[in-house]
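Hi,

Here's the structure I said I'd pass on. Have a look around it for a minute, then read my notes below.

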Amino acid sequence: MADLAEGFRTILSGDYPRLLLSGLGLTLAVSLCALGVSVVLGTLLGIVRVFRVPGLGPLGNAYVEVVRGIPLIVLLSVVYYGLPALGLTLDGFPAAVLALGLYSAAYTSEIVRGGLNSVPMGQIEAGRSLGLSRAQAVRFVVLPQAWRVALPALGNEFVSLILGSSLASAVTLQELFAQGKYITGVTYRQFEVYAVLALVYFLLTFTLTRLVRALERRLGRGQMGVERRVI
């Protein structure tokens with residue numbers, strides 16, 4: 001036990017905490033940027049799939065099926081190591097953001113699709129009766145309601161992105177897990193380092209999960225209030 005305590009003191013002193021904090025900041029940055037890519041692309045995919053946009057609907061379905069059938073580590077490798085063969089070379093950060101965003105978009109599109117399907121399609125006709133075009137009715141009437149339903153699930157997807165970002169070390173990104181591996185190589189304290197990493201990931205995802213649940217309860221109360229006012 002004394003040796004274990006000494007190991008924890010070692011990795012929690014000197015420059016090691018700074019390295020872990022630096023890695024944590026990079027983990028959050030790449031996850032947030034990837035979430036942005038995921039939300040934009042996933043929303044577009046959800047729209048073309050739900051409304052069966054000619055020519056794009058089948059492509060959207062094919063994209064979701066293909067990406068969901070590929071391991072994230074393979075997609076990361078394709079983006080970072082494969083794209084240079086096509087003349088496109090990306091550094092670790094943009095490569096990780098692109099790969100994580102493309103991967104997450106397939107799941108976000110399912111979230112958006114569920115949100116859109118929860119909105120009665122009569123809302124579009126109601127928008128049309130007010131002089132809106134079909135596209136405007138989807139944008140200003142249907143999407144805001146769909147996002148209200150989809151937000152909690154999107155928060156869970158962000159948690160998944162944070163966990164998935166640990167694979168970004170495979171493309172030389174010095175995020176939290178990569179910093180942990182570096183500290184392990186220097187101190188030879190595998191158990192202590194990975195125990196600290198596990199605790200950091202747990203605290204981060206636990207906090208985000210609680211925030212998502214609080215948001216879900218708040219949105220639920222807001223929806224009940226709307227229903228009471230309508231009644």
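**What I found**

Of the chain's 231 residues, 41% count as buried. Keep in mind that this is a predicted model.

Let's start with the overall picture. The C-alpha trace spans about 75 × 50 × 25 Å along its principal axes. As for the surface, the chain exposes about 12600 Å², and carbon and sulfur atoms supply 66% of that area. One more number for the chain: take the contacts with a separation of 6 or more, and 77% of them come from residues 24 or more positions apart.

Now for a pair of helices. Two packed helices are described by the angle between their axes and the distance between the axes. Here I looked at α4, which covers residues 72–82, and α5, which covers residues 92–117. At what angle do α4 and α5 pack? The angle is about 135 degrees, and their axes are 9 Å apart. Angles of 65 to 115 degrees would count as roughly perpendicular and those over 145 as roughly antiparallel, and α4 and α5 are therefore oblique to each other. The crossing of α4 past α5 is right-handed.

Which residues make that contact? On the α4 side they are Leu72, Leu75, Leu76, Val79 and Tyr80. On the α5 side they are Gly92, Ala95, Ala96, Leu98, Ala99, Leu100, Leu102 and Tyr103. Sorted by type, the residues of this contact come out as 12 nonpolar, 1 polar and no charged.

Last, two residues with a backbone angle worth a look. Most residues other than glycine have a negative phi. Arg52 has a positive phi, near 50 degrees, and it isn't a glycine. You'll find Arg52 in the loop between α2 (16–50) and α3 (57–68). Is Arg52 buried or exposed? Its relative accessibility is 66%, and exposed means over 50%, so Arg52 counts as exposed.

Tyr188 is the other one: its phi is near 60 degrees, again a positive value in a residue other than glycine. Tyr188 sits in the loop between α8 (176–187) and α9 (190–230). With a relative accessibility of 63%, Tyr188 counts as exposed too.

Cheers

Note on methods: Residues are numbered from 1 along each chain as its sequence is written. This is a predicted model: local features need pLDDT of at least 70, side-chain atom pairs count only at pLDDT 80 or more; totals for chains, interfaces and linings use all residues. Side-chain values use heavy atoms; hydrogens and water are left out. Axes are lines fitted to C-alpha atoms, for helices over the stretch in contact, and angles run from 0 to 180 degrees between N-to-C directions. Helices (H or I, at least four residues) and strands (E, at least two) are DSSP runs, numbered from the N terminus. Angles under 35 degrees count as roughly parallel, over 145 as roughly antiparallel, 65 to 115 as roughly perpendicular and the rest as oblique. A crossing is left-handed if the near helix is turned anticlockwise from the far one by less than a right angle, and right-handed if clockwise. Contact means heavy atoms within 4.5 Å. Ala, Val, Leu, Ile, Met, Phe, Trp, Tyr, Cys and Pro count as nonpolar, Asp, Glu, Lys and Arg as charged, and the others, Gly among them, as polar. Buried means under 20% relative accessible area, exposed over 50%, partly exposed in between (1.4 Å probe, protein chains only). Accessible areas come from the Shrake-Rupley method with a 1.4 Å probe; for residues, only the protein chains shown count as cover.
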